[in-house]
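Biologist: Could you take a close look at one helix for me and talk me through its surroundings?

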Amino acid sequence: DAVSLCTSIGALQRIQRLELNFHECRLGDQGVEHILYAVGQLPVIADLQLALQENSLHDSTATRLADAIPGLPALRRFFLAAALNSFTDEGLRTLRGIEGVLKARQ
C-alpha cells in the first residue's frame, strides 16, 4: 500500500532522482500526503517525477503539492502528470505555479 511504499522511500537517503507512477491507483488526497511526506525526507532529491493520473484528486491536493514541492531544497526538476482528476481551473493554475517557483531558483 501507499504507506508502506512511502516508508521505504523515506529510507533512501542518497537518492537524487525519483519517478513514481500511481496511474489509476485511487490514492486520493491522503495517499498524496503520504507520498509528499516521504519525498520530503529525501535530503538530496534533485529530480522528481510523479504520475498521478486518474486518482480522483482535487484542488486541495494541488495546494498541498504547491506547498510541499518548492520546499525541497535540492529539487531542480519536477514533472507532474495529473490528467483526469477533479482539478478546477484554479487548481490547475496552482499546479502550473510550481514550475515557476522552481525556475526562479535557477
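Modeller: Here is a walk around helix α3 and its packing against α4. This is a predicted model, where local features need pLDDT of at least 70, side-chain atom pairs count only at pLDDT 80 or more, and totals for chains, interfaces and linings use all residues. Residues are numbered from 1 along each chain as its sequence is written, and side-chain values use heavy atoms, with hydrogens and water left out.

Helix α3 covers residues 59–68 (helices are DSSP runs of H or I, at least four residues, and strands are runs of E, at least two, numbered from the N terminus). Its buried residues are T61, A62, L65 and A68 (buried is under 20% relative accessible area, exposed over 50%, partly exposed in between, with a 1.4 Å probe and protein chains only). Down the axis of α3 these fall within an arc of 140 degrees, so they line one face of the helix (the arc takes directions from the helix axis to the C-beta atoms). Their cover includes α2, β2, β3 and α4 (contact means heavy atoms within 4.5 Å).

Now for α4: the axes of α3 and α4 are 9 Å apart, at an angle of about 15 degrees (axes are lines fitted to C-alpha atoms, for helices over the stretch in contact, with angles from 0 to 180 degrees between N-to-C directions). The two helices are therefore roughly parallel (angles under 35 degrees; over 145 is roughly antiparallel, 65 to 115 roughly perpendicular and the rest oblique). On the α3 side, D59, A62, T63, L65 and A66 meet E90, G91, T94, L95 and I98 of α4.
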